[in-house]
Amino acid sequence: PPSGPTAVRGRELTRLHGGAVDLTAIVNAGPASPLAKSAAWMGGINILGFLISVVFKNCHYHLDLLGTGAFAVTAAVSHLAGPGKMFVRQRLVAGIVGTWSVKLASFLFFRAIKTGHDARLDELLSTIPGMTTFWLISFLWGWLVISPQTMLAGSAVNVPLGIWGKAAAAIAVTGILIETAADLSKWSFKSNPANKGLFCNVGVWKWSQHPNYAGNLMIWYGVTGLCLPAVLHGSAGMVLGRKLVSALVGPAFLTLLFNGQARGFIADAVEAAEARYGSVAGYKDYVTNTGLIFPWDK
């Protein structure tokens, strides 16, 4: 275990009354490899979600609370167990990921409490195989997407932010703001009885059919841009290639997933929207003239 004044202060700060709990020991437990440790924590939280789904079949409250909240826990553990936890870049990325995770998980939990359940998942979560599929996908999504932060947390290289690091951070923070604006404006729109049966085209939804996707992509593009300089530092040849591919898997996966959903290649969201709003005045013009994810994506 770490020694010296810094480690002593860390243990004192994380020890509860009576000395019963030491967070330093907790975050250092398990696999030493950052990606393996990330998989263990992300997997453990999703297994918990699966068990809750099995015991409480009709309960949807925990789905996003655990699935999205797992990012904050995993990011915190990876960061605190990493060799560069005092470096600005590592702390900034962990903070961005944690802030986004807590923000979105809280909103989705609030929405679940208000709506009771997500009808789109009723059939899938009605059987054990369906539950297994849902939580396995949730784990893979989480582990792949958070991989840039996990790799950064395992790096002992201290690379100053510089102008490009600050630009990447700005992109990520802007993404959080856009995603938040999208969620809140749509929730407000749908909560107004006067808008029943209408499609949301207010706020950031004026310039994008899926501004929440745009915001989320910006978050992870920015996070990945922040992580790469330290992750790739000093690498060359095959090692450089492996690290680059590993770091880019997450944002590439999200890009394909969101584009697949927005274009109707994955699930039936496009057909469902057409069936619901196809006869509503202005909907076809909105779909034709509004960016699919980003404003220029038409």
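This is a predicted model: local features need pLDDT of at least 70, side-chain atom pairs count only at pLDDT 80 or more; totals for chains, interfaces and linings use all residues.
**Helix 4 and helix 5**

I started with helix 4, residues 62–81, and helix 5, residues 88–115. Their axes come within 8 Å and cross at roughly 160 degrees. The crossing of helix 4 past helix 5 is left-handed. I then listed who makes the contact. Helix 4 contributes D64, L65, T68, G69, F71, A72, A75 and H79. From helix 5 come Q90, R91, A94, V97, G98, W100, S101, V102, L104, A105, L108 and F109. Sorted by class, this contact has 12 nonpolar, six polar and two charged residues.

**Helix 5 and helix 8**

Next I looked at helix 5 against helix 8, residues 162–191. Here the axes come within 11 Å and cross at roughly 5 degrees. With angles under 35 degrees counting as roughly parallel, helix 5 and helix 8 are therefore roughly parallel to each other. On the helix 5 side I noted R89, L92, I96, W100, K103, L104, F107, F110, R111, K114 and T115. On the helix 8 side I noted G165, A169, A172, I176, E179, T180, D183, L184 and W187. The classes are 11 nonpolar, three polar and six charged.

**N46**

Is N46 buried or exposed? I found N46 in helix 3, residues 34–55. Its relative accessibility is 2%, and buried means under 20%, so N46 counts as buried. Leaving aside neighbours within four places in sequence, N46 is in contact with G67, W135, S138 and F139.

**Aromatic pairs**

How many aromatic pairs does the structure hold? I have 14 on record. For F71 and W220, the ring centres are 5.8 Å apart and the planes stand at 50 degrees, so this pair is tilted. F71 lies in helix 4 and W220 in helix 9, residues 211–232, so the pair ties together parts 149 residues apart in sequence. Both F71 and W220 are buried.

I also looked up F199 and Y277. Their ring centres are 6.3 Å apart with planes at 65 degrees, so the pair is edge-to-face. F199 lies in the loop between helix 8 and helix 9 and Y277 in helix 11, residues 269–277, so this pair ties together parts 78 residues apart in sequence. F199 and Y277 are both buried.

Last, I noted that ring pairs link F71, W100, W141 and W220 into a cluster.

Definitions and conventions
Residues are numbered from 1 along each chain as its sequence is written. Side-chain values use heavy atoms; hydrogens and water are left out. Axes are lines fitted to C-alpha atoms, for helices over the stretch in contact, and angles run from 0 to 180 degrees between N-to-C directions. Helices (H or I, at least four residues) and strands (E, at least two) are DSSP runs, numbered from the N terminus. A crossing is left-handed if the near helix is turned anticlockwise from the far one by less than a right angle, and right-handed if clockwise. Contact means heavy atoms within 4.5 Å. Ala, Val, Leu, Ile, Met, Phe, Trp, Tyr, Cys and Pro count as nonpolar, Asp, Glu, Lys and Arg as charged, and the others, Gly among them, as polar. Buried means under 20% relative accessible area, exposed over 50%, partly exposed in between (1.4 Å probe, protein chains only). Angles under 35 degrees count as roughly parallel, over 145 as roughly antiparallel, 65 to 115 as roughly perpendicular and the rest as oblique. Rings of Phe, Tyr and Trp (its six-membered ring) pair if their centres lie within 6.5 Å; planes under 30 degrees apart count as stacked, over 60 as edge-to-face and the rest as tilted.
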